[in-house]
Amino acid sequence: MSLANYSPEDVVILLGGLYPVEGLAEGSFITISKDEPQYKTSVSADGRVSRSKVENPLHTVSLSLSSFADSNLIFTSWAAGDSLLNSVMMPLFIKDGMGSTMFYAPMAWIEEIPPLDLDVTYTDRIWQI
């Protein structure tokens, strides 16, 4: 029998290869999803199935940060710079230090600035990259 270990503290997120993203929210803090399926399938009238490979490397990464995390300022500045220059893309690297999960995007950008919810309780900001 083997035992697998996981520690959220050992998940590393590097923005631009230099800046470690900190202040991740409790619960589910990273979601990575492929924008399109790897294959598209079709079925003909006589039941023949065919598939074609989709060459789309795009992924969407959702990062949940606590509202008081310093990294929110970095993401806000990144989005503002991209809005002005239309070309502020950076590499994004995510690695589970205790496992084999790894994600790398050589060019990443902020899809939209999440709403800022000022409340008397703790809130999260979810960044779509």
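**Close-up 1. M107 is exposed in the predicted model, with a relative accessible area of 56%.** Exposed residues have over 50% relative accessible area, buried ones under 20%, and partly exposed ones a value in between (1.4 Å probe, protein chains only). M107 lies in strand β8, which covers residues 102-108; helices (H or I, at least four residues) and strands (E, at least two) are DSSP runs, numbered from the N terminus. Together with L58, M89 and W109, M107 forms a nonpolar patch on the surface, and these four residues have about 390 Å² of accessible area together. Areas follow the Shrake-Rupley method with a 1.4 Å probe, and for residues only the protein chains shown count as cover. Patch members have over 30% relative accessible area and no salt bridge, with nonpolar side chains (Val, Leu, Ile, Met, Phe, Trp, Tyr) joined within 5 Å and like charges within 9 Å; a salt bridge is a Lys or Arg side-chain nitrogen within 4 Å of an Asp or Glu carboxyl oxygen. Because this is a predicted model, local features need pLDDT of at least 70 and side-chain atom pairs count only at pLDDT 80 or more, whereas totals for chains, interfaces and linings use all residues. Residues are numbered from 1 along each chain as its sequence is written, and side-chain values use heavy atoms, with hydrogens and water left out.

**Close-up 2. W109, another member of the nonpolar patch, is found in the loop between β8 and β9.** W109 counts as partly exposed, with a relative accessibility of 31%. Apart from neighbours within four places in sequence, W109 is in contact (heavy atoms within 4.5 Å) with L58, W78, D82, V88, M89, Q128 and I129. Of these contacts, L58 and M89 also belong to the patch. The C-alpha atom of W109 is separated by 6.8 Å from that of M90, although the two residues are 19 residues apart along the chain.

**Close-up 3. Four strands form an open sheet in the order β2-β1-β7-β8, with antiparallel pairing.** Strands β2 and β8 stand at the edges and have a single partner strand each, so one side of each is left without a neighbour in the sheet. Two strands count as paired if DSSP finds at least two bridges between them. Five bridges connect β1 (residues 11-15) with β7 (residues 90-96), and within this pairing V11 has D96 as its bridge partner, while V12 stands opposite K95.

**Close-up 4. Strand β1 has a covered face and an uncovered one.** V11, I13 and L15 make up the covered face, whereas V12 and L14 make up the uncovered face. In the antiparallel pairing of β1 with β2 (residues 19-20), which extends over two bridges, L15 stands opposite Y19. The hairpin of β1 and β2 has three residues between the strands, and G16 there takes a positive phi near 70 degrees.

Close-up 5. Strand β6 (residues 59-66) is joined to β9 by five bridges, and S62 has Q128 in β9 as its bridge partner. Q128 is also one of the residues in contact with W109.

**Close-up 6. A80 is found in helix α1, which covers residues 71-85.** A80 is partly exposed, with a relative accessible area of 41%. A80 and I110 are 30 residues apart in sequence, and their C-alpha atoms are 9.5 Å apart in space.
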